2 protein chains.
Amino acid sequence: MFTGDYLRELTDKAITGLGSSSEADRLFVPVRYILSIGGKRLRPVMCLMACNLFSDKIDNAVMPAAGIEVFHNFTLVHDDILDRADIRRGSPTVHARWGADQAILSGDVMAFLATECIGHAPEKVLPQTLKSFNRTAIEVCIGQQLDMDYEKKGVVTTEEYLRMIELKTAVLVAASLKIGAIIGEASEKDQDLLYEFGRSLGMAFQIQDDVLDTYGDTKKFGKKTGNDIVSNKKTYLLVRALETAGGEKLRELRKLIETNDGNAEEKITTVRTIYDELEIRLEAENLAYDYFNRAFRALDQVSVKDERKNELKELAVNLIGRVK
Amino acid sequence: MFTGDYLRELTDKAITGLGSSSEADRLFVPVRYILSIGGKRLRPVMCLMACNLFSDKIDNAVMPAAGIEVFHNFTLVHDDILDRADIRRGSPTVHARWGADQAILSGDVMAFLATECIGHAPEKVLPQTLKSFNRTAIEVCIGQQLDMDYEKKGVVTTEEYLRMIELKTAVLVAASLKIGAIIGEASEKDQDLLYEFGRSLGMAFQIQDDVLDTYGDTKKFGKKTGNDIVSNKKTYLLVRALETAGGEKLRELRKLIETNDGNAEEKITTVRTIYDELEIRLEAENLAYDYFNRAFRALDQVSVKDERKNELKELAVNLIGRVK
């Protein structure tokens, strides 16, 4: 079995070769930039690990795995325009550095660079690979739309929120694993189990990310906590709190998220206190663990020897283990 | 052989079924809008005609042809943001109607709807079809980049201009025909000849479009003439005029395009006069005809009976015949 580090290297090597043209370097400089400023390469590594479950020949999956990473970064470039986000991974976002017009166009070319990479899947599995990729890409766009819609909407239900993060985040993790399995020529059942593993893991990850933004250790988490509270972002915590709170507490919470002029630290503390009183953190962590366990149950059922699953298990534990 | 009208109907039917989701209708309303406000369906019809040259079974090409049209409209949605264009085909552009954020995201989903349609090509020819599509999509993005770059650049050579319109316009017409040929299982040589037919036709069309914007009959052309002059757009006419003019004439032309405060009608008349003195219109029309003839020479060499080529020939003549 190949280690995560080795697979990350393979991905990086494949990505380095992408996006250049002697004719229009302005188009590709931002592409290389966003692909170079870090990121854990989580999705391509998972894709390659899923392939490696079924086959020791993973070369066929490297370009499609790179394509998934390019697609993921494409969504970041465009989402950062929509979110007016100026910093990503500690560096200026593409639109902050080169303007929105350039970010639109450099993002666009990444969509097709991604599909071009997917096109390197072996002919035998290309139709299935492409289908899974396209379907997922469309779903991710729907997820981003729901995210935009929900930010403007007064009341968002937990159900709506969970479906939004499923589309915006979880399905791409799921498809990364499924595509690896497809290229590894897994059975349809195993492909679906890996999709479910990824979907549940993605859900657990996103819910935990919400918890960490409010409760995380700034040092370990790598970014300042409380951002979501200050910006009134509709996280799992806020959505659940608005759903659960009643009477005076609900009024207080509503007032806090309707005004933006108070002291930020004070707001963080007050909202946190409301969350604590409603036991929202506990609830969120329990839900994340439910998803985490669901992910592992799916992986357990995949019909390869347990020892082949160690790399994927370790990666999943490292990913979710952050919370503790 | 199928007529253009019938093929247009087929395309429209395929396109009508695209882009819906019970979950995020806001995402797809602009998609259906841009696909419904007209357009000649030139590219998908050419794709189907190219397929029909080699095969009477064109069903396999309908979805990929629709995908090409969706891709073309995707580029329009995003280009209109970059060009700050508020009107397209007599209707408000997507960003004018729903805002730039929505236009970015609805455009994005079209990129993947397009690829999904391309994915319906028969398995046997899918790798080749996808490769041609992706390569072309990337080239179109490069073309748009060059267009943006050139608008900011002082001096653009004819060579640069021609390469820009080749990438931005001609290669997609070329690929439409090539993809039709691929799905019709044409020989590689015939695929290449049809690509060349489309490329040359696309070049002729774009150069003529430049001529028509300045010299066209407003009624026949369907839009007001002189727009390019007023907005100082780097058309073939302007690029050539700046290359050809000398002395006082060059100074006058430079002054006209560096200031924007004069009378529009006056500016149109003066610039037209300079073009006329330099015989730029004649030169442009000659170049368009050179490309037009090159297109027909390529089509002539395609190894099917001449009578099978009538629909394509008629369409090409109607397209370019507009100028006279």
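The buried residues of helix H2 of chain B are Leu27(B), Phe28(B), Pro30(B), Val31(B), Ile34(B) and Leu35(B), where buried means 20 or more other C-beta atoms within 10 Å of a residue's own, exposed 12 or fewer and partly exposed in between, with C-beta atoms placed from the backbone. They cover an arc of only 155° around the axis, which puts them on the same side of H2(B); the arc is taken from the directions from the helix axis to the C-beta atoms. The model is predicted: local features need pLDDT of at least 70 and side-chain atom pairs count only at pLDDT 80 or more, whereas totals for chains, interfaces and linings use all residues. Residues are numbered from 1 along each chain as its sequence is written, and chains are lettered from A and ligands numbered from 1 in the order in which they are written.

**Helix H2 of chain B**
- H2(B) comprises twelve residues, 25–36; helices (H or I, at least four residues) and strands (E, at least two) are DSSP runs numbered from the N terminus.
- From first to last C-alpha, H2(B) reaches 16 Å, close to the 16 Å expected at 1.5 Å a residue, the expected span being 1.5 Å times one less than the number of residues.
- The cover over the buried residues of H2(B) includes H7 (126–152) of chain A, and H1 (4–16), H4 (59–82), H5 (94–98) and H6 (100–118) of chain B; contact requires C-beta atoms, placed from the backbone, within 7 Å.

- Arg41(B), in the loop between H2 and H3 (42–54) of chain B, has a phi near 55°.
- Arg41(B) is buried, with 24 other C-beta atoms within 10 Å.
- Arg84(B), in the loop between H4 and strand S1 (87–88) of chain B, has a positive phi of about 55°.
- Arg84(B) counts as exposed, with 11 C-beta neighbours inside 10 Å.

**Packing of H3 and H16 in chain A**
- H3(A) (residues 42–54) and H16(A) (residues 310–320) pack at about 155° with axes 9 Å apart.
- H3(A) and H16(A) are therefore roughly antiparallel, a term for angles over 145 degrees.
- Val45(A), Met46(A) and Met49(A) of H3(A) meet Glu311(A), Leu312(A) and Leu315(A) of H16(A).

**Contact between the chains**
- Chain A and chain B each contribute 34 residues to the contact.
- H2, H4, H6 and H7 of chain A each supply at least two residues of the side that touches chain B.
- H7(A) gives the largest share of that side, 14 residues.

Note on methods. Two residues are in contact if their C-beta atoms, placed from the backbone, lie within 7 Å. Axes are lines fitted to C-alpha atoms, for helices over the stretch in contact, and angles run from 0 to 180 degrees between N-to-C directions. Angles under 35 degrees count as roughly parallel, over 145 as roughly antiparallel, 65 to 115 as roughly perpendicular and the rest as oblique.
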